[in-house]
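Please look at the sequence and the model first.

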Amino acid sequence: MDLLNTLVDKGLRRELPTREEALAVLATSDDELLDVVAAAGKVRRQWFGRRVKLNYLVNLKSGLCPEDCSYCSQRLGSKAEILKYTWLKPDDASKAAAAGVAGGAKRVCLVASGRGPTDKDVDRVSETISAIKEQNEGVEVCACLGLLSDGQAERLRAAGADAYNHNLNTSEATYGDICTTHDFSDRVSTVQQAQAAGMSACSGLIAGMGESDADLVDVVFALRELDPDSVPVNFLIPFEGTPLAKEWNLTPQRALRILAMVRFVCPDIEVRLAGGREVHLRSMQPLALHLVNSIFLGDYLTSEGQAGKDDLAMIEDAGFEVEGTDTTTLPEHRRPCGEQVAVAPETDAEAPAATVPAPSDEARRDLVSVRRRGAGTDLPPNA
């Protein structure tokens, strides 16, 4: 396909595709799927070889969030039967993180529900970061605490946080449809604060919320403009008890096309396969490794993931290798953190009309498993 040849050439030059080209990737047929994966795989291997970075989530505070994000099982008014607990003590959080590091994780992601941290919360997380780094040489720590206030990003950086995560989630045009307690610009501002403080920015999206192809392209282009170092791609987990519980819009094929589109738009950025991969990719997860260079190991915030040992076996069986702490994830031209990369200007080509995909015929609710182990429980974690 001329389209794929063009996109590979652009990806190898770190040149931004046009919106029309990105939309065309999402519009390819299932018959063309392996061609799409192969093309995006060339770009992935150019910048990241066959390495897979492992990341491990520690949910420091679960549930009880005052925000109303429709996709979230921890939201205000959620009836999802998830674990609910207040802040883990630094030692407990460090023990949870150590399990992930022992399983091969290079980065530990510390997440807490809520609109944003208080200054006391920042102190608490700073203690946790110190405890983790003292016990795990070379590990990266990423904080994900919600919207940041003035000076908090600098304090987290001084405490040893290497990165900060705050996802854009969906397009600016449709953000008000999924959340009313804050807006798109608040999220952009927090990512920019993290970058200004010298932390590596991590910001991504959630696919499968009923958005159009144009919405997906819009949020990925917005992310590319922010230029984070890593882009997590989440697929909606339709928790019972949340407003989006009936949104089963994804197939494994569509999920792979979305990942390929993200790789073409973000050729030299760490693209991370995140929440919902087991639910929506299912047996086609190994194909996604040809598109992404990073995954979460084991469980997520409120849902259980594939067993950690199965993640490692999948990586090996697919012919990839786990990235070690002695390897720098990003290609040389993207270092040091925050270095800007020149991209070609977007064209003014008219984009084809986009449609919302038809829901799946059968909701696979059997694949949604609420987390009952690890942080906040007496049971060992999955790592």
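The sections below go through a strand and its neighbours, a helix, the aromatic rings and some backbone angles.

## Basis of the report

The model is predicted, so local features are given only at pLDDT of at least 70 and side-chain atom pairs only at pLDDT 80 or more, while totals for chains, interfaces and linings use all residues. Residues are numbered from 1 along each chain as its sequence is written, and side-chain values use heavy atoms, with hydrogens and water left out.

Helices (H or I, at least four residues) and strands (E, at least two) are DSSP runs, numbered from the N terminus. A residue is called buried under 20% relative accessible area, exposed over 50%, and partly exposed in between (1.4 Å probe, protein chains only).

Strand β7 spans residues 230–235, and six of its six residues are buried. In a regular strand, side chains alternate between the two faces of the sheet. In β7 both faces are covered: Ser230, Pro232 and Asn234 are buried on one side, and Val231, Val233 and Phe235 on the other.

Two strands count as paired if DSSP finds at least two bridges between them. β7 pairs in the parallel sense with strand β6 (residues 205–207) over three bridges, and with strand β8 (residues 270–273) over four bridges, also in the parallel sense. Val233 of β7 is the bridge partner of Leu205, and Leu273 in β8 is the bridge partner of Val233.

β6, helix α9 (residues 213–226) and β7 make a right-handed β-α-β unit; right-handed means that, with the strands pointing away from the viewer, the path from the first strand over the helix to the second runs clockwise. β7, helix α10 (residues 252–265) and β8 make a right-handed β-α-β unit as well.

## Helix α1

Helix α1 covers residues 2–12, and its residues Leu3, Leu4, Leu7, Val8, Lys10 and Gly11 are buried. They lie on the same side of α1 because they cover an arc of only 165° around the axis, taken from the directions from the helix axis to the C-beta atoms. The buried residues of α1 pack against α2 (19–26), α3 (33–48) and α10, where contact means heavy atoms within 4.5 Å.

## Aromatic rings

How many aromatic pairs does the structure hold? There are two. Rings of Phe, Tyr and Trp (its six-membered ring) pair if their centres lie within 6.5 Å; planes under 30 degrees apart count as stacked, over 60 as edge-to-face and the rest as tilted. Tyr175 and Phe184 have ring centres 6.2 Å apart and planes at 70°, so this pair is edge-to-face. Phe296 and Tyr300 form an edge-to-face pair at 6.4 Å centre to centre, with 80° between the planes.

Tyr175 is buried at 2% relative accessibility, and Phe184 is buried at 7%. Phe296 is buried at 7%, and Tyr300 is buried at 7%.

Arg50 lies over the face of Phe320, at 4.3 Å from the ring centre; a charge sits over a ring if NZ of Lys or CZ of Arg is within 6 Å of the ring centre and within 35 degrees of the ring normal.

## Positive phi values

Most residues other than glycine have a negative phi. Leu64 has a positive phi near 65° and lies in the loop between β1 (51–61) and α4 (90–102). At 60% relative accessibility, Leu64 is exposed.

Asp227 also has a positive phi, of about 60°. Asp227 lies in the loop between α9 and β7 and is buried, with a relative accessible area of 6%.
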